Amino acid sequence: MNPTVDIIFKYFPNLSEKQREQFTQLADVYPFWNNQINVVSRKDIESLYLHHVLHSLGIAKFVTEFTAGTRILDVGTGGGFPGIPLAILFPTVQFHLVDSIGKKIKVVREVAAAIGLENVEADHIRAEELDYKYDFVVSRAVTRLGDFTPWIRNKFEKKDKNGIPNGILYLKGGDLKEEIKESRLKAELHPLSSYFTEDFFETKYVVYIPM
């Protein structure tokens, strides 16, 4: 039995009516676009809320709140994860979703438009080609941390305006000790199993790297 949108409401009970509606709409919008442009595996689309939406919101369980006007870059967003679920949850935060594959960005734009998200900008571009500065960079297991960091090292605002210093919030699973050691980054591991009880999250983390 695959979880419905109720799993989101369970962990985020204080959503506005608009946010509840936007999360609910994802159940129709994603399968529709996924049939045309495959951004989530056919088998996995049935687990949309558990494997993609709730997983993305693990970042929100760690940070809990962003200051209004915070700018967040989602690198290698694919079909819009973690950016779109986070944009629903934080309507006063600006999200820039980028991917090197144009058809995936088409899906992101269509999903954002369909559910009325006004705080999302999506571009077909590589992260290293961007000239903008951000408070945080989020991503979901795009590559190894040591390879990822050079793409975005110079993309951060110098001034912090949130409860934690500006940096990377990276969703990744498995045994990450070797990867972190190899990257020589000062990384904090925050297990998603601290926030969510489902087995899926047992070996998954938010990796926070202050920059």
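Ser-183 is in contact (heavy atoms within 4.5 Å) with Leu-145 and Gly-146, once its neighbours within four places in sequence are left aside. The residue is found in helix α8, residues 177–183, where helices (H or I, at least four residues) and strands (E, at least two) are DSSP runs numbered from the N terminus. With a relative accessibility of 14%, Ser-183 counts as buried, a term that stands for under 20% relative accessible area, whereas exposed means over 50% and partly exposed is in between (1.4 Å probe, protein chains only). The side chain of Ser-183 reaches the backbone oxygen of Ile-180 at 2.7 Å.

This is a predicted model, in which local features need pLDDT of at least 70 and side-chain atom pairs count only at pLDDT 80 or more, while totals for chains, interfaces and linings use all residues. Residues are numbered from 1 along each chain as its sequence is written, and side-chain values use heavy atoms, with hydrogens and water left out.

Ile-180 is likewise found in helix α8 and is buried, its relative accessible area being 13%. Leaving aside neighbours within four places in sequence, Ile-180 is in contact with Leu-145, Leu-185, Ala-187 and Leu-189. Between Ile-180 and Val-75, which are 105 residues apart in sequence, the C-alpha to C-alpha distance is 19 Å.

Leu-176 lies in the loop between β5 and α8 and, at 4% relative accessibility, counts as buried. Its contacts, leaving aside neighbours within four places in sequence, are with Leu-189, Tyr-205 and Val-207. Leu-176 and Arg-144 are 32 residues apart in sequence, and their C-alpha atoms are 9.6 Å apart in space.

Strand β4, residues 136–140, is mostly covered, since five of its five residues are buried. In a regular strand the side chains alternate between the two faces of the sheet. Here Phe-136, Val-138 and Arg-140 point one way from β4, while Val-137 and Ser-139 point the other way, and all are buried.

β4 pairs in the parallel sense with strand β1 (residues 71–75) over three bridges, where pairing requires that DSSP finds at least two bridges between two strands. In this pairing Ile-72 stands opposite Phe-136 in β4. β4 also pairs in the parallel sense with strand β5 (residues 167–173), over five bridges, and the bridge partner of Ser-139 in β5 is Tyr-170.

## Helix α6

Helix α6 has 13 residues (102–114) and should span 18 Å at 1.5 Å a residue, which agrees with the 19 Å between its end C-alpha atoms; the expected span is 1.5 Å times one less than the number of residues. The buried residues of α6 are Ile-105, Val-107, Val-108, Val-111 and Ala-112. Seen down the helix axis, these buried residues fall within an arc of 155 degrees, so they line one face of α6, the arc being that of the directions from the axis to the C-beta atoms.

What covers the buried residues of α6 includes α2 (17–36), α5 (83–89), β2 (94–99) and β3 (120–124). On the other side of the helix, Lys-103 and Ala-113 are exposed. Just after α6, Gly-116 takes a positive phi of about 75 degrees.

## Nonpolar cores

In soluble globular proteins, nonpolar side chains tend to be buried together. A nonpolar core is defined as a set of buried Ala, Val, Leu, Ile, Met, Phe, Trp, Tyr and Cys residues joined through side-chain atoms within 4.5 Å. The largest such core has 56 residues, and those with the most contacts inside it are Ile-8, Phe-23, Leu-26, Ile-84 and Leu-169. A second, separate core of 18 residues includes Leu-73, Val-98, Leu-130 and Val-137.

Not counting residues up to four places away in sequence, Ile-8 touches Leu-15, Phe-23, Tyr-49, Val-53, Leu-54 and Leu-57.

## Backbone geometry in the loops

Most residues other than glycine have a negative phi, and most peptide bonds are trans. Thr-64, found in the loop between α4 (58–63) and β1, has a positive phi near 70 degrees and counts as exposed at 53% relative accessibility. Ala-141, in the loop between β4 and α7 (145–152), has a positive phi of about 50 degrees although it is not a glycine, and at 41% relative accessibility Ala-141 counts as partly exposed.

A cis peptide bond, with omega about 10 degrees, joins Phe-81 and Pro-82; Pro-82 is found in the loop between β1 and α5.

Definitions and conventions. Polar contact = N/O pair within 3.5 Å; in protein donor to acceptor, adjacent residues only side chain to side chain.
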